[in-house]
Each structure stands twice: as structure tokens, then as C-alpha cells.
Amino acid sequence: MPVGLAVTAAPVEERKVVTVVFCDLVGSTALSGVLDPEALRTVILRYFDLVRARLEEFGGTVEKFIGDAVMAVFGVPVTHEDDARRALAAALAMLDAVRELNESELHLTFGIRLGVRIGVNTGPAVTSTDVSTRQALVSGETVNIAARLEQHAAEGEVLIGAETRKAAGAAARTEHVGPLRFKGKAAPVTAFRLLGITEDDPGVSRRFDVPFVGRTRELAALQRALRDVVRGHGTPNVLILYGEAGIGKTRLVHEWRKTVSTDCAQGSGRCRPYGEHGSLTPLADALRQLLRQFPDVHAEAGQALAVLAGGLLEDGTPNPSVDDTCAAVGELLASLARSRPIVLVVDDCQWAGDLLLGTLGTLAEQLASYAVLFVCVARPDVFDRSPGRGPARFRARLLALLGLTPREAGAVAGALVGTGAHRGWGGGSAAEGARSRPRTGVPAHVLEAAGGNPLHLEHLLAALSEYGPGYRADDASDLPTTLQALIGARIGALGRAERATLDLAAVVGREFTVDDVLALAERDRENAPGGALYDSAASGGSDMSHTRTRVRAALARLRRHRLVGGADGGGRAAPVFRFSSGLIHEVTYKSMAKRARAERHEHVASLLAERLPNTAVRGEGRTAEASAAVARHLESAYRYRTELGIADSRTDELRRAAACRLVESGATALARSDLAWAGSLLLRALDLVHEGEFEWINAARRLAEARPTTGHTDEGRALLQAVLTSAAGSDRPAQTDGGTGAETSEPAGVGGGGGTAEGGASPRTVEAAHERIAPAVVSPASVGGTAVEAAERTMVVSERACDGLGRARACIRWAQEWQPQGRHTAADALPTRGLAHVQRSGAEPERALAPGAVGVYLRRRPAPVPDAVSRVRSLLAQHGERLPAVRLALSCPPTVLPALQQRREDACARMVQARRLADGAGYAEGALVLPLFGPSTSPTGSPLAPGSLARRGATDLDGLSLVWAVTWGRSGPDPLLHRTPKGR
């Protein structure tokens, strides 16, 4: 690590990608029979010292010595994006060091030679950052495989795992050694023999062969900077191009340099984060490239070259002194600039030492009046240095490089994979895949996850090609190792306050506020409280204003690092922040230990529950989104505790509380006619609870009502029957007079629901009433009575509980049963009465059923058609403006009424409109019910043939009965709709 970089800290325990190295002596037992014990000890300690030195030279941390073996880890305590490459370079350096030790000391002194074998593996592990213990720094399968690779290696050989090879990239020269069988591993392990490491050339490691896309503004800025320097406008002669890792800085400069290659002389050098190099090596590399373009330079700057030849140009050092070196370089560049403009590029300046940056600043001042442009390429980290040590010490233009636009990213992706390649990516049906893929043939979720970063996109596409259509770029466990290391290095380089802020925000979600982070920090046990976000010495341990200031300062630095940015607050008063990409959010989140995640999710759920309105009436003041957010955090807390083997009462409380919240939000989604979301929420609830539990019955009943509406008729029927069976033996309290009963305990988890409904009836009693009313229409015997009797019992319970939804359902069921019996007056009054109840409950399906029942009644009753049309239009105007389910329910009868007046063209037009409504809303009954109205609206007035009905998606009329039962209240299709209506 270059001198001067800030020392950072991370949580005590975290999950990250590391590279583990095992190195062991071969034949050490034989040595003990040859050497005196003291001599043997001397040899072993000398070997340990050499190995440790090589490992630490490349940034590794020695965890422990096990007998004659050494175990080291790269990525602890600090993660580097190139940890795998560092580990391989260290492995080869260890082999060289042992060979040198043999030849220079051991063979001459003791007549022996040491042999070693090495295994290297890369992968996820749980890590501790307390390096002072030198024990238990990492644990996991990654460690075990590294040890097994070492055991299978031959003397003088380095075996590496497949992930290490991928992480090292093109720099690693390897050969395949075939799959290896390890004890305890069912599947064979792919391994490679390391042959060598090549120089880290961006032209090799990056895809410069891919067409260059976009960056018009940035190219123009570079060109303008060079033009101004050449014309001598007195503008800064230093340009700092900065952006996150992989954003395309090096490629941009590469492409720009090609456009100006004939106009100026150029030289470039790169800073490296490890290895033994002179402090000014990048400057020396750039000067050597420049000198090759000036064969006659010795005649003009011979004295300067003489000074540099013994220091800078020889080994990158400032010999004989820094001042003499700066003066000589300045004289040389001034001499060269008299012939033609000079461009000097120094890449990866975030790894530059203070001496190099200081030298560049001095040269820029000396050459202010010459046609010399210094281009410094860096990541935002370079600005974290103090003003006297970083690039702020000299005048410079700043050019920020942001992500590619979606269109540009799509073009790059198309070039990477080839047009039409990987057509099956993304999973799902062919139609779904076509909708999710841009013209490039790349799934949209991959482009979105990359966030406009070309390197991220390249790695995601490589993983997509390897793992196939099941791969998703929204879970860090599936991310390519190289990408996890790249992003993990950015996160790991943060200071304590920034890291704590980012971790807490990641639990909240992709978007968060300052208040979210503060509230979570107060409750965070690991940070006790808030850790780096609290400074007890400065704030007395309780000054929240001081902590708020620290959080805001941390967020400002995170924005500068392009890890977070501003977001649309959606009307919220407090500023909303957002992770700059889904990948950064996921890697940050997955880097936390699961125990910390579980605790923090529980805290967030509690905070969100406190912000929800405290209302007693179901649906009032609560939104499905807010309740679902609470459920998501409760569910995550429960699942992480389960994965960790924490099977206590609190874990069970979290499980049931999450299920209650999911049912609540699913019910609200149903009330909004968002069938897909409701089904997803309710299925998640069922996955959490056991059949027969109150929460299971609650979720299954609602899902049973939703599934037929989306075309899953058999599943809905089976669920309804299962609800009745489970309810008979469930833990619901025995009912008393009128169906009310004593309240029983509800889950004690955060926001888990429970309580007694207004009027004294328990939630379970109300739920039992709802359970009976839908199945009663399909199978009256299953609930011990007819649908009318079930409606009567539901009305009694709902009246006592002030349950508007139950009262509305009871009224609608009564009306739907009385309509076929010709009781038109009562059938008209009941839906109108139910509509008054359902408007207060806000349930869109019932709000659609009530006027829909009126519409069907108007279709049947012996009344003038114009009156019926007028009534339907009035209902539409009153209730259908913003509710698609209401418009659909009232669209079917109007398709028949015009036909009764022999206005078949009008009727057909209305049928087309109704079908579009049904298709847009995703209602399966649109495909089942609308064809039944078709005979009345067809030009001939003849019934639809069975084949035609099948083509509209209704091949199973028996399945229609359940849809009809749940949505229209009948146990089968209306026979009136199968015959051609005659005008009355």
C-alpha cells in the first residue's frame, strides 16, 4: 500500500471474497533425520521468514503456521480487486525464494535442499479483521479446498482453483490438470497448474477489441484541454480524469490518444498497488516512451539526460535528489515541447505515492508556459487525501467519467456477445424473454444491474454465458468472483463512518434517508450503539445532532465515491439517497454477517411498523407497500436466524409476524385488484406457516379467491377445500352466540397483527365467516348449508364486528342467489346496500361485484332496455372512473343490452372494449366469461362453437364454475347467456 493512504476499518466479522494460500514443505520428515534439532529449527525459521516476506510483499496476511505449512489470506483485513493475482504472484515469488535459499545457503551449509508445494483458491468466506490474533481470520469451504489443492500439488508446483484462475484473468498462464477428487466433496474440483504471471497490461486485461461507444463529451473535453495548452491560454496544464473502477477511464484515454497521435508526442505510465518499484517508476516509464520518439534528443538535452540516466531512467528513483530530478525532467520536457506538444499520462493515480504526486505538481508549475499536458487518471479515492498531499496541491481541470447511457450500454453488450447470441438468457418463456431483452439480445436485468459500467457489464455477461438461463444478476452470491472482488475493494477502502453508514443503509434497501440510518444506528448492537457514527467524547454519547452531522458527512463522501447518489423521494419531505447500482447495494449487503443482518432487519421492521398509522379498521390508513416492507424485513430476519440454527421462541414469533404482515398486504393488494402482487405475497405467507395455523388459513383463503381469477382454477378449488378442512381442526376459539368468541393470542412479533375488531368479535371469528362464504357457493355441503345460509351467518358476525367487507360480501351473495329465482326487487336492493359497505372498506373486487350484480340483474329483469342502459352508465360514472375491475364488471351487461335493441355493431364494439379491459387487468375470467356474452353480440346472433370458445382460453367450462362462484356468485355458467336474447 502506498505511503499516506488512510488506514481503514471494517466490521469485526464479515463475509467477503478472499484468496487463500497454503504452502507446505515436501519431505520435512526426512530432514529431521539428517539435521541436528537446532539446525533443523534454524532452517525452518529461515524458510518461514522468507515465505512470510514474499506473502506480505504482495499484500497477503499470514494467518498461521501449521507444522511445516503456512496459511495466508489475501483480502483480509483490506480487500483488493486483484487479490487473486497478488496471491499467484506471491506463490511464484515463494518458489523463487526457496530456490535461492537452497542455492545460496542450505546446500552450501547443510548439503540439503528444501522443496515446497502450494495450493491457491478463491471464494467466499467469513472473515475476521482482528489480524493481531493471527488465528481464525477466515473460515469456509474456500479454505478447505486451498488446503486440498496444496496436498495434490507436486514439489515445486502451484495448483490453483477455477475461481482463482478466473479472478486473475488473462495475466495467469495455466494448464488444466483435470478434475480432482477431494475427501468430503461429492463433485470433482477443477484445478489448474500455474505456469506464470504476465505484466498487468490494460490492453490485455480489458476488452480494447470491443468497439468504442459514446463518450463524445469527454473526448471533446480532452481535446479542448490539449488545444488550450498548445495555444498558451494560461489554463491549467493538468487534467484529472476520475471515475469508479471499470467505468472506462483507461479506454477513453487510449481512444483519445489515437486521435491526437500525429499532433503530439505521448508517453504513459501506470501506478501499481504492490510489488517493489521505485517511487517515480510511472514517470520513468512515460519518459522512456517519449524519448523513443525523439532520436536526436541527446544533442538538445544531454545534461538533463545524464542526471536522469543514473536514477529515474534506471530504476525509477529520484537519484541524486528530488530537486535535481525535477529540474532535469523539467528541462527535458521543455526541450521536447519546443519541437511538438507533449502529452504525459499517469494512470491509476489513486495508488500513487506522495512523492510522485508532488513531483507531478512541481513539473506542472515549471512547465506552465510550455505545450505540455499532464493527464492524471484516477478513482475518486485520490481526493480523500489531505489537501497538502493529494492532487489538490496543483491547479487542474477535473473531468468526471460517468456510466454509459442505457443505449450505449446495450451497444457495448451487443458487441461483447454478438448480435442474437445467448437468445435463451433470462429464463422464462420465449415471450417473456423477448419482452425483457433489448435489441442487443442481452436481458434487460443485466444491463440494469451493470449500471452503465462497462467492466461490470463484461463480467456479468461472462457469468451469464457460463451459468445459463437460470442466472440472475440480482444476488451477490451469483455474481462473478471478479466483480465481487472489484466492488468489495471499493467498499473495503472506505473509512469507518462511511462503511458503517453504507452497511446500515444496505439493510434498509436500495433507497434510504438519513433518518433511516440514524434510527437503525441507535438500535444496532454490533456498533454499540452506532459504532463509528457515534463519538462519545465529542457528543457525550447522546447528541443526535452531532451524529446526524457525521452521517451527512459520510454520505457526502460516499456520493463523491459514486457509491450512492440522490433519488426521487416520491413526495417524501426528507432527502432520499440511493445506491448508485444494484450491484453495489447487493455486495454491501452480502458482506455483512448473517447474524448482523438478522438483527438489523428486525430493527428496521420495528421502525417501519412504528411509522405505520395505528388504525383499528382494516385497510384504513395502511398501504400494501408499507405493510409488505415490514413483512420483508421480518421474513429476512426469520430466515437468517433459521440458517444460523437459532430455533428459539423469538424466531417463531418473527415467522408468524412476517406471515401476518404478508397476509395483510396481500389482502390490500387484492382489494386493489393487483392480482399478481397479491398472489406473490400470499404464497410467501403460506411458505412461512404450517397448515392449520391461523395465519395459514388466513392466507390460503385469500389466495383461494385470487387464484381462479388468474386462471388457476384447480388450485383455487383445492385451497378452498383445504381451508375448510383445516379450519375444522384449527386453533380458532369455539364460537358462541352469534358467531363471536373469546379472543385468542396472536403472534407477538413486530407488527404481527392481532387484537379485537371493533364490536368485540375476534379476528379469527371474522376470518371464519369469510372462509365459509366463498366455498358455500361451490359446495354448500362443505360448510353445512347453502350459500344464503352462509351469507346470513357472515352478516351476523360482520355486523357485530363492524366489518364492512363482510357485510358487503353477504349482500352480494344474497343478491346473486336471488337473481336466478326471479326475486328482482330484492336482488336490486341488496347489491346497492352492499355497495355502501364496500365503499368504506376500499376493496376493489367487491366494489366491482356489487355494481356487476346490479348489471346482471338489469340484463335479466323485464324492464325497458334504455332504462337499463342508463342505469349501467350511471354506475360506471359513479364507480368505474379509477377502478379497472369495476369497469370490467359493468362492461359485460352493456355488451348484451345494445344487442337487445338490434344495435349489434355497438354491442360488438363494447365487447372488444370489455375484452381489452380484461386482458389489461390480467383477469382470467375475461377469457372465460366474455365469450359467453359473445352470442348476443355476434352479427349472426348464433352461439359460439366450442372450438371458438377454446380458442379464447376457456377449454374447461367446469373450471369456470369456481371463477363464477368466487367472482359472480354462481355455481356454474348462466344458462341465459347460452341462448340468443330476444327483444322484450
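Ser279 lies in the loop that links β10 (265-270) to α9 (281-291), where helices (H or I, at least four residues) and strands (E, at least two) are DSSP runs numbered from the N terminus. This is a predicted model, in which local features need pLDDT of at least 70 and side-chain atom pairs count only at pLDDT 80 or more, while totals for chains, interfaces and linings use all residues. Residues are numbered from 1 along each chain as its sequence is written, and side-chain values use heavy atoms, with hydrogens and water left out.

With a relative accessible area of 44%, Ser279 is partly exposed, a class between buried (under 20%) and exposed (over 50%), taken with a 1.4 Å probe and protein chains only. Leaving aside residues up to four places away in sequence, Ser279 touches Gly316, Leu355 and Leu356, contact meaning heavy atoms within 4.5 Å. Asp315 is 36 residues from Ser279 in sequence, and their C-alpha atoms are 9.2 Å apart in space.

The strand β10 belongs to an open sheet of 5 strands, ordered β10-β11-β12-β9-β13 and paired in parallel; two strands pair if DSSP finds at least two bridges between them. Because β10 and β13 (397-400) each have a single partner strand, they stand at the edges, and one side of each is left without a neighbour in the sheet. From one strand to the next the twist averages 15 degrees, with angles running from 0 to 180 degrees between N-to-C directions and axes being lines fitted to C-alpha atoms, for helices over the stretch in contact. Strands β11 (residues 342-347) and β12 (residues 372-378) pair in the parallel sense over 5 bridges, and Ile342 has Val372 of β12 as its bridge partner.

| Helix | Strands | Angle |
|---|---|---|
| α9 | touches β10 and β11 | about 155 degrees with β10 |
| α13 (residues 354-366) | lies across β9 (238-242), β11 and β12 | about 155 degrees to β12 |

Elsewhere, helices α2 (residues 37-57) and α3 (residues 83-109) pack at an angle of about 145 degrees, their axes 9 Å apart. Residues making this contact include Val43, Tyr47 and Leu50 of α2, and Ala90, Met94 and Leu101 of α3.

For the protein chain as a whole, the secondary structure comes to 41 helices and 16 strands, and 55% of the 984 residues count as buried. Among contacts between residues at least 6 apart in sequence, 71% join residues at least 24 apart.
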